[in-house]
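User: Hello! I am new to this structure and would like to learn how to read it. Could you take me through it step by step?

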Amino acid sequence: MTGKTGGAEVTLKQVRFSYGEMRMNFDLTVPAAQIAAIIGPSGSGKSTLLNLIAGFEMPQSGTILIGGIDITRAAPAKRPVSMVFQENNLFAHLDVEANIGLGRSPKLKLTADDRAAVASAIARVGLAGKEKRKPQALSGGERQRVAIARALVRDRPVLLLDEAFASLGPALRIQMLDLVKALHAETAMTVLMVTHHPDDALHLDATLFFLENGMIAASGSAKDLLSDTGPEVLKRYMGTMA
């Protein structure tokens, strides 16, 4: 189905961006085929960081590299990334099959190979038998599965998840995390996930980046950073969630 390309390293070097009075400066590297979780207070720059990688925002200075290639000024469609949003961005008038097919062709002019990829993605995310259902006939978790399947058929080495599971209940969120973990094992994509739930990072055994005031205040393995010996900045953040 997918996984032909594997993952790609994502690097931001002195990437600066301003939003109103908020000044952001990002320096990070996510190795190829790794899962990275991005957490932090509201307004700390988490979604902006993903938008810069995806090309929906342009930095004022600095360099963004994917797989060692400078994509800082590349158009979003030219970047080797797929993105899944919280609201899943499905088209209400299109069925599951067509919504996923958009990942291969915006005009839905699908080849036999495209249709095979769509069918495989539908099976992989557990939606077999629901190909002809419209989004309104699906549960919240099923709609997010459609969005993930659409990202999969794009066959890009980097997957960005912007609070994609925030609106789901605890059990459904765990199901989606397990799906991401299984798909990552299968495809070796590089995954960057913004989440408000630090436990998500532990569940995925991810590298954790903690953002505060538009900068990365701490980074390392989730297991280490969220332990009793983790940095004070994270302990303070975790305390505000109690």
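Analyst: Gladly! Helices (H or I, at least four residues) and strands (E, at least two) are DSSP runs, numbered from the N terminus. With that in hand, R173 is placed in helix α5. This is a predicted model, where local features need pLDDT of at least 70, side-chain atom pairs count only at pLDDT 80 or more, and totals for chains, interfaces and linings use all residues. Residues are numbered from 1 along each chain as its sequence is written, and side-chain values use heavy atoms, with hydrogens and water left out.

User: Is R173 buried or exposed?

Analyst: The terms come first: buried means under 20% relative accessible area, exposed over 50%, and partly exposed in between (1.4 Å probe, protein chains only). R173 has a relative accessible area of 11%, so it counts as buried.

User: Which residues is R173 in contact with, leaving aside its neighbours within four places in sequence?

Analyst: Contact means heavy atoms within 4.5 Å. With those neighbours left aside, R173 touches F165, L168, H197 and D200.

User: How do I read a pair of charged side chains?

Analyst: Side chains of opposite charge can pair when their charged atoms come close. A salt bridge is a side-chain nitrogen of Lys or Arg within 4 Å of a carboxyl oxygen of Asp or Glu. R173 forms one with D200, at 3.1 Å from N to O. D200 belongs to helix α6 (residues 198–203) and R173 to helix α5, so this pair ties together parts 27 residues apart in sequence. Both D200 and R173 are buried.

User: How many salt bridges does the structure hold?

Analyst: There are 7. One of them joins K132 and E97, at 2.6 Å from N to O. Because K132 sits in the loop between α3 (112–124) and α4 while E97 is in helix α2 (residues 96–101), this bridge ties together parts 35 residues apart in sequence. K132 is exposed, with 60% relative accessibility, whereas E97 is partly exposed at 27%. These two also belong to a network of salt bridges that links D95, E97 and K132.

User: Which residues make the contact?

Analyst: On α4 they are G141, Q144, R145, I148 and L152, and on α5 they are L172, Q175, M176, L179, L183 and T187.

User: How much of helix α1 is buried?

Analyst: Helix α1 (residues 46–54) is mostly covered, with 8 of its 9 residues buried. Among them are K46, T48 and L49. After α1 comes G55, whose phi is positive, near 95°.
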